[in-house]
Amino acid sequence: MSTITSEAQDLLWRAVADADESAAIAVLYYAMDEGLDEETLLLDVIAPVQERVGIEWAADRITVAQEHAATAINERAMAALAHRQSVRPSQSAHRGRVTVACIDGEWHSFPARLVSETLRLRGWHVDHLGAQTPTPHLVAHLHRTGSDAVLLSSSLPTRLPTAHAAITACQAIGVPVMAGGRAFGPDGRYAHELGVDRWAPDARTAATALEAGLDRPAPAAIRQTIDDLPHLEDQEYTLVVQNRAQLIKQTLADLEDLFPAMRTYSTAQRDRTTEDLAHIVDFLATALYVDDAELFTTFTAWTAGILTARHVPVASLRLGLDVLAGQLRDFPRALTFLTAATDALHTTSDHTGPGTTA
Ligand code: B12
């Protein structure tokens, strides 16, 4: 990395951490005048700074409000870059038309925006649909515009079942699907499992793959979920999703029986504990959907890190998993995943009861 790139990263980080939009834009314009091109600024300056925002939040070194402010400024910074220079002839949309969208329920539009802006710079006409695009509207858009390809972005693994429906719906009308974002796993394993035409780890690789061309799938009847994921036949995923509310309620009640001190929790603490349990159930359901224990174990390890940074005992998470396992005695796959996650968490000796991050 050049000195100017790392300097720009450092200065941009300080500007967004101080919620200083003018300083942020000034850093980027200065770096541009010093010769950094827009793609480098997007992917080697703004993107790493945005990742750092997540790391600092996870470590409890910045607040949620600071994270929101920093993200909002980085979004404006991307727009400022896009509109500073008039499009050069080499950058005009000569390659074709593509659509970039986030899966329904997915609010992380920033990564998708990075992909869109990169493709625009590389000469594509991009329809950027942004966060949580409902699948029927996405399909209607593809029909109307005749997009050459659709690029689907997702950051949260819990959106994978919805992503699967979107992928099959787009392919059924003959539009090739490229997927990307953290939800699909570091090696894109979930994207491949869900039958995408292409997965790419980052915006540059996505652009190169599009330039090489994607084959159009033959329009066909929508594939049934079970065709891609035969393990769903055991109904564990469906039953966990159908009984989600009851599972959360019962786990909370069981925890209160085990730890009467929980009955004195404030409303905020109780809401937070319910939210944490809901995340656990949602990630467990998603692991069942893709039949991958690692998806759940990665999530519980991440949660343990978040709790530790906030001085909440990890024993509370182990306890939640134990109580949930008690309710899922007749679900062999779910039990295997819960056991794997519990084993992976470090054994802690404290038994102070379920904590919350509130
Ligand atoms: C900003 C942010 C938010 C913002 C999003 C605002 C916005 N406009 O995007 C808000 C506040 C809305 C948010 C909400 C939540 N967030 Co959030 N968020 C982040 C954060 C800090 C940055 C995301 C980002 O922009 N990253 C920067 C880019 C550069 O990274 P990237 O995703 O890797 O993108 C590259 C590639 O993946 C790829 N790519 C991406 N999309 C695509 C698509 C295609 C087709 C291709 C080919 C490639 C590709 O190219 C990109 C560029 O090269 C991350 C932490 C992080 N480190 O990423 C958490 C993070 C993703 N969020 C997280 C969580 C938990 C949440 C919430 C559940 C929090 C809550 N309790 O409510 C909600 C969920 C909301 C929802 N339903 O979607 C967790 C997820 C953890 C997990 N186990 O899954 C993370 C990882 C935070 C953390 N460190 O723990 N979040």
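Student: Which residue in strand 2 is the bridge partner of Arg-97?

Tutor: Two strands count as paired if at least two bridges are found between them. In this predicted model, Arg-97 has His-125 as its bridge partner in strand 2. Strand 1, residues 96–103, and strand 2, residues 124–133, pair in the parallel sense over seven bridges.

Student: How many bridges join strand 1 to strand 3?

Tutor: Five bridges join them, and these two strands run parallel.

Student: What do strand 1, helix 5 and strand 2 make?

Tutor: For handedness, point the strands away from you and follow the path from the first strand over the helix to the second; clockwise is right-handed. Here, strand 1, helix 5 and strand 2 form a right-handed β-α-β unit.

Student: How many residues of strand 1 are buried?

Tutor: Buried means under 20% relative accessible area. Six of the eight residues in strand 1 are buried, leaving the strand mostly covered.

Student: Which residues are closest to the ligand?

Tutor: The ligand is surrounded by 37 residues, with Glu-75, Trp-107, His-108, Ser-153 and Trp-302 the closest. A polar side-chain atom of Glu-75 is 2.8 Å from a ligand nitrogen atom. For Ser-153, a side-chain N or O atom is 2.8 Å from a nitrogen atom of the ligand. For Trp-302, a polar side-chain atom lies 2.4 Å from a ligand oxygen atom.

Student: Which element gives the largest share of that shell?

Tutor: Helix 3 does, with six residues. By class, the shell has 20 nonpolar, 11 polar and six charged residues.

Notes
Residues numbered from 1 in each chain as written. Predicted model: local features only at pLDDT ≥ 70, side-chain atom pairs only at ≥ 80, totals over all residues. Heavy atoms only, no water. Near = heavy atom within 4 Å. Polar contact = N/O pair within 3.5 Å; in protein donor to acceptor, adjacent residues only side chain to side chain. Helix = DSSP H or I, 4+ residues; strand = E, 2+ residues; numbered from the N terminus. Nonpolar A, V, L, I, M, F, W, Y, C, P; charged D, E, K, R; others polar. Buried < 20%, exposed > 50% of the residue type's maximum accessible area, 1.4 Å probe, protein only.
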